[in-house]
Amino acid sequence: DACAERSMPPARFGRVFAGLDGDADLFAEIAHKASEQFIIFANQLEQLCASNDMEGLSAEAHRVKGNWGPYSLNADEYLPQAIIDAAHCADAESAGKLARRLAGALREASKALDGWLIARKATSEPSNKISAETCTRVNK
């Protein structure tokens, strides 16, 4: 059923959703805040790269690490720790490449969360052309 699918978050966020016992309303609240925070993290990582601030980059990667894991794709989950390691070794080139990759991944996750929130809102507002009630009737 298309409406039910829109209420479910994208599969990549299944770990977070499952940890909330499938509470879509709570996930929506968290998703909104996470999306905003991911953009802040991405901007900060890029700014620290541009200034070649390895200590700041390591600290920011540590903050990201605490928030990122459940939202990351498997291929990107290791990035914060890899940035920390490269920054501690003063490997600015590697740290910068990794930080730019993580910034991109954060932006992608933010976009996915925002897309889900918009779709969810569209199916729940009665003022829209296709309300949740209409959607339910159509899919029966």
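Modeller: Gladly, and let me start with helix H5, whose buried residues are Leu79, Pro80, Ala82, Ile83, Ile84, Ala86 and Ala87. Please keep in mind that this is a predicted model.

Biologist: What makes H5 "mostly covered"?

Modeller: A residue is called buried when its relative accessible area is under 20%. Seven of the 10 residues in H5, which runs over 79-88, are buried, so the helix counts as mostly covered.

Biologist: Which helices do those buried residues pack against?

Modeller: They pack against helix H4 (54-68) and helix H6 (92-124). Just after H5, Ala90 has a positive phi of about 60°.

Biologist: Why is Glu93 called exposed?

Modeller: Glu93 has 55% relative accessibility, and the cut-off for exposed is over 50%, so Glu93 is exposed. Glu93 belongs to helix H6. The C-alpha atoms of Glu93 and Asn52 are 9.2 Å apart, although 41 residues separate the two along the chain.

Biologist: How do you know that the length of H4 is close to what is expected?

Modeller: H4 has 15 residues, and at 1.5 Å a residue the expected span is 21 Å; from its first C-alpha to its last it reaches 20 Å, which is close.

Biologist: What happens at the start of H4?

Modeller: There, a side-chain oxygen of Asp53 comes to within 3.3 Å of the backbone nitrogen of Glu55. The cut-off for a polar contact is 3.5 Å, so this pair of atoms is inside it. Among the buried residues of H4 are Leu57, Val64 and Trp68, and their cover includes helix H3 (24-50), H5 and H6.

Biologist: Which residues touch the most other members of the largest nonpolar core?

Modeller: Of its 38 residues, these are Phe27, Phe38, Leu57, Trp68 and Leu106. Helix H2 (14-19), H3, H4, H5 and H6 each supply at least two residues of this core. Leaving aside neighbours within four places in sequence, the contacts of Phe38 include Trp68, Tyr71, Leu106 and Leu113.

Key. Residues are numbered from 1 along each chain as its sequence is written. This is a predicted model: local features need pLDDT of at least 70, side-chain atom pairs count only at pLDDT 80 or more; totals for chains, interfaces and linings use all residues. Side-chain values use heavy atoms; hydrogens and water are left out. Buried means under 20% relative accessible area, exposed over 50%, partly exposed in between (1.4 Å probe, protein chains only). Helices (H or I, at least four residues) and strands (E, at least two) are DSSP runs, numbered from the N terminus. Contact means heavy atoms within 4.5 Å. The expected span of a helix is 1.5 Å times one less than its number of residues. A polar contact is a pair of N or O atoms within 3.5 Å; within protein, one must be able to donate a hydrogen and the other to accept it, and residues adjacent in sequence count only if both atoms are side-chain atoms. A nonpolar core is a set of buried Ala, Val, Leu, Ile, Met, Phe, Trp, Tyr and Cys residues joined through side-chain atoms within 4.5 Å.
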